[in-house]
Amino acid sequence: AGSPSGLAAEAAAKKLKIKELAAKELCRHLCDSKVLENRGNLYYRADRKPEQNLSPFGRKMLTDLQGSGKEGVIPGRLSVAGALKEYKNLSRLGLAVSLDGEIFLSLDEYQNIVGSILDKRSTGDNFDIASARDRTGLSRKYLLPLLNRMESDGYVKRNENLRTVLK
């Protein structure tokens, strides 16, 4: 967790030679104690901010991403050499979220959109794509990768054409 790239709980388990569940609990406890921060699926020392390690180019990409709102950034549409690589790096640092490897959102925007989709829904509630579209205003092009990312992050589970809230 002390490296600029963070540490996954699974990697911590291997390094510490403990079970993965124990490593996850340890990481949660260290987050509760403000020793670590969880960004994405990686843990970082709370006293180190990943923004400090960015190059000027990386800072510009992050600023552009933060200003892009819920539309995010599609690096393939940019005429900027190295943009995709830099957005992947921002994602690895927990500053950006890759929806499908091509669409990137700032972490804050992703959390805001997830919050709007899950607002006033409880664990076990179901919703459909149309309901999520109504709450976000996103097109299917953005919404489907977003819902898939929410599933991989453990927020929802797909059940045919519905999504079931998990947390």
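Aspartate 153 lies in the loop between helix H7 and strand E6; helices (H or I, at least four residues) and strands (E, at least two) are DSSP runs, numbered from the N terminus. This is a predicted model, in which local features need pLDDT of at least 70 and side-chain atom pairs count only at pLDDT 80 or more, while totals for chains, interfaces and linings use all residues. Residues are numbered from 1 along each chain as its sequence is written, and side-chain values use heavy atoms, with hydrogens and water left out.

Is aspartate 153 buried or exposed? Its relative accessibility is 16%, so it counts as buried; the cut-offs are under 20% relative accessible area for buried, over 50% for exposed, and partly exposed in between (1.4 Å probe, protein chains only). Leaving aside residues up to four places away in sequence, aspartate 153 touches Asn41, Tyr110 and Lys167, where contact means heavy atoms within 4.5 Å.

Aspartate 153 also forms a salt bridge with arginine 149, with 3.0 Å between the closest N and O atoms. A salt bridge here is a side-chain nitrogen of Lys or Arg within 4 Å of a carboxyl oxygen of Asp or Glu. Both partners, aspartate 153 and arginine 149, are buried.

Arginine 149 leads on to a ring: it lies over the face of tyrosine 110, 5.9 Å from the ring centre. For a charge to sit over a ring, NZ of Lys or CZ of Arg must be within 6 Å of the ring centre and within 35 degrees of the ring normal. Tyrosine 155 has a charge over its ring as well, the charged end of lysine 167, at 4.9 Å from the centre.

How many aromatic pairs are there? Rings of Phe, Tyr and Trp (its six-membered ring) pair if their centres lie within 6.5 Å; planes under 30 degrees apart count as stacked, over 60 as edge-to-face and the rest as tilted. By this rule there are two aromatic pairs. Tyrosine 110 and tyrosine 155 have ring centres 6.5 Å apart and planes at 65°, so this pair is edge-to-face. The pair joins distant parts of the chain, 45 residues apart: tyrosine 110 is in helix H5 (residues 107–118), and tyrosine 155 is in the loop between helix H7 (140–152) and strand E6 (156–159). Tyrosine 110 counts as buried because its relative accessibility is 3%, whereas tyrosine 155, at 22%, counts as partly exposed.

Tyr110 also belongs to the largest nonpolar core, which has 22 residues. Such a core is a set of buried Ala, Val, Leu, Ile, Met, Phe, Trp, Tyr and Cys residues joined through side-chain atoms within 4.5 Å. Among the members that touch the most others are Tyr110, Leu118, Phe127 and Met150. H5, helix H6 (129–136) and H7 each give two or more residues to this core, and the largest share, six residues, comes from H5. A second, separate core of 15 residues includes Leu42, Met61, Leu62 and Ala83.

The whole structure holds six salt bridges. One of them joins lysine 24 to glutamate 10, with the closest N and O atoms 4.0 Å apart. Lysine 24 is in helix H2 (residues 20–32) and glutamate 10 in helix H1 (residues 9–16), 14 residues apart. Glu10, Glu20 and Lys24 are linked in a network of salt bridges. Within helix H2, glutamate 25 and arginine 28 lie three residues apart, about one turn of the helix, and their side chains meet in a salt bridge at 2.2 Å, N to O.
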